Amino acid sequence: GQVSTEPILRMSEGSVPPTDFKALFGKTLYKDGVGEVGTESSLKDVQHIGVFFGAAWSGSCKQFMQPLVQVYKKLTEEKKKSFQIVYVPATVPGRPAEDEASFKELMSMMPWLAVPYHRKATHKKLTRRFQVRQIPMLVLLDTEGKTIHRDITPAVTHIVEDHDGDSFADQFPWAEKRHSNIKNMLGSHFLKGDNSQVPLSALDGKYVGVLFSANWHWQCRRFQQMLEYMYDKLKQDGKPFEIVDMDFSPEMQWLSMPHDSFEAKHKLGEAFRIDQCPMLVIIDPEGNVVTTEGVEIVSKDTDGECFPWTPKPLYDLSTLEPEILGEMNDTVTCVILCEGCDENTKAELADAMMPVATEAFNAAKASGCEAGMLFFTATETSEVVSQLRMSCELGEPTSTPQLVILDIPDSGAYYVFDGDNINTENISAFIEDYDEERLERKELQEEEEEENGDQ
């Protein structure tokens with residue numbers, strides 16, 4: 001759950017209306033030598049906004065400052081681009097918060113704006129919203145608050161260090177390499193194992209697994225065996241599913257990219273930040289990414305019973321869908337435990353949580369982002385639910401429901417709702433109290449054998 005201080009490309013997340021920068025950053029922003037200025041007036045008519053996540057204690061962030069200032073001045077003064085940056089002190093688990101003196105010292109080096117030091121709840125919300133895992137990180141937004149690029153940190157470095165950096169600056173705002181329609185990145189045709197060609201139209205109406213694998217690697221071969229089983233099962237059940245492999249093999253049951261499609265494969269690898277294999281990306285019939293957790297899905301949902309694994313606003317922790325498993329340890333989670341309640345109460349609790357979950361889900365989807373908070377009910381006893389109860393010391397299920405927020409990235413932190421009535425209003429207020437750090441922080445308890453197992 002620690003946050004690295006090396007630059008990384010990350011998907012961002014949205015949870016507020018994309019056109020309201022006052023709701024995103026607060027009513028005012030901080031400017032060195034001036035103090036607080038109005039958010040709306042400061043960002044009015046600005047075409048592109050960089051949200052810069054860093055920390056005064058981070059050597060990597062301070063090192064990144066010099067090229068960032070150079071690029072900022074090149075874009076705004078020399079190239080006359082409509083560009084502004086807003087600095088956000090990242091909330092980093094296990095590290096102390098920035099003190100005001102350090103914040104102001106860092107701001108004295110910055111010719112741009114910042115979320116004021118005292119607005120720490122906003123720092124936390126933004127860190128969660130944009131799924132900040134490593135710093136420095138610079139997200140690029142358009143004038144409506146939609147994400148243009150999930151992290152332009154490498155672009156900034158490129159301008160300063162590379163010989164073609166000046167021409168690269170002319171290409172600002174560096175549109176995402178991952179197209180909104182992934183099918184358009186795959187090419188016009190594919191190969192079967194017998195080298196016969198199949199047109200792109202063969203994927204019409206189908207969910208597609210884009211497989212990054214290597215036949216020579218033992219882990220990839222083992223995964224391919226599991227994938228073959230699921231592929232056969234889905235085909236037998238008549239499901240609209242196909243696989244496009246980056247690596248050709250005469251024995252493969254599915255399709256592969258052509259032998260000479262080096263550029264397309266390279267662009268796909270860049271788009272999905274492939275740093276290890278195997279990786280399986282699921283896309284829907286329109287070419288939108290359903291999930292990048294395909295390997296986790298195949299290992300957990302071996303028969304494909306949860307196909308097509310599309311994201312939902314609200315999940316049931318008792319029947320944990322495989323597409324969400326890989327995200328729980330990296331994302332703040334809100335759970336209503338109601339295993340001991342009657343069926344009517346369970347339904348009422350799900351109805352109470354749904355508006356809160358849907359609002360966050362729809363805002364994230366509209367911004368082309370991942371969710372910054374996951375929402376669950378736990379309606380039945382299961383291994384996962386029982387483990388949660390034990391780790392949070394919640395006791396056995398009763399007819400009284402319980403509401404908790406899990407922040408596993410923050411060293412296993414969790415927070416328990418102490419009110420009497422779990423309704424939509426109180427769920428929203430509980431999340432707000434979490435963001436404002438008004439709740440009692442506790443830490444998950446590990447099983448004794450896990451604590452003492454490796455001595």
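The structure is a predicted model, in which local features require pLDDT of at least 70 and side-chain atom pairs count only at pLDDT 80 or more, while totals for chains, interfaces and linings use all residues. Residues are numbered from 1 along each chain as its sequence is written, and side-chain values use heavy atoms, with hydrogens and water left out.

Mean pLDDT (the predictor's confidence in each residue, from 0 to 100) is 85 for the protein chain, with 89% of residues at 70 or more. In residues 1–18 the pLDDT falls below 50, and this stretch makes 75 contacts in the model beyond near neighbours in sequence; contact denotes heavy atoms within 4.5 Å. Residues 448–455 also have pLDDT below 50, with one contact beyond near neighbours in sequence.

The protein chain contains 15 helices and 20 strands, taken as DSSP runs (helices H or I, at least four residues; strands E, at least two) and numbered from the N terminus. Of its 455 residues, 49% are buried, that is, under 20% relative accessible area with a 1.4 Å probe, protein chains only. Among contacts with a separation of 6 or more, 71% link residues 24 or more positions apart.

Seven strands make up an open sheet of mixed pairing, in the order 2-1-5-4-3-6-7; two strands are taken to pair if DSSP finds at least two bridges between them. Strand 2 (35–38) and strand 7 (147–149) are the edge strands, each pairing on one side only. Strand 3 (residues 48–54) and strand 4 (residues 83–89) run parallel and are joined by seven bridges. Glycine 54 is opposite proline 89 in strand 4. Helix 3 (residues 59–78) packs on the sheet and touches strand 3, strand 4 and strand 6 (137–142), its direction making about 160° with that of strand 4. Such angles run from 0 to 180 degrees between N-to-C directions, with axes fitted to C-alpha atoms, for helices over the stretch in contact.

Threonine 379 is located in the loop between strand 17 (373–378) and helix 13 (383–391). Threonine 379 has a relative accessible area of 14% and is therefore buried. Beyond neighbours within four places in sequence, threonine 379 contacts Asp316, Ser318, Cys338, Glu339 and Lys346.

Key
Buried means under 20% relative accessible area, exposed over 50%, partly exposed in between (1.4 Å probe, protein chains only).
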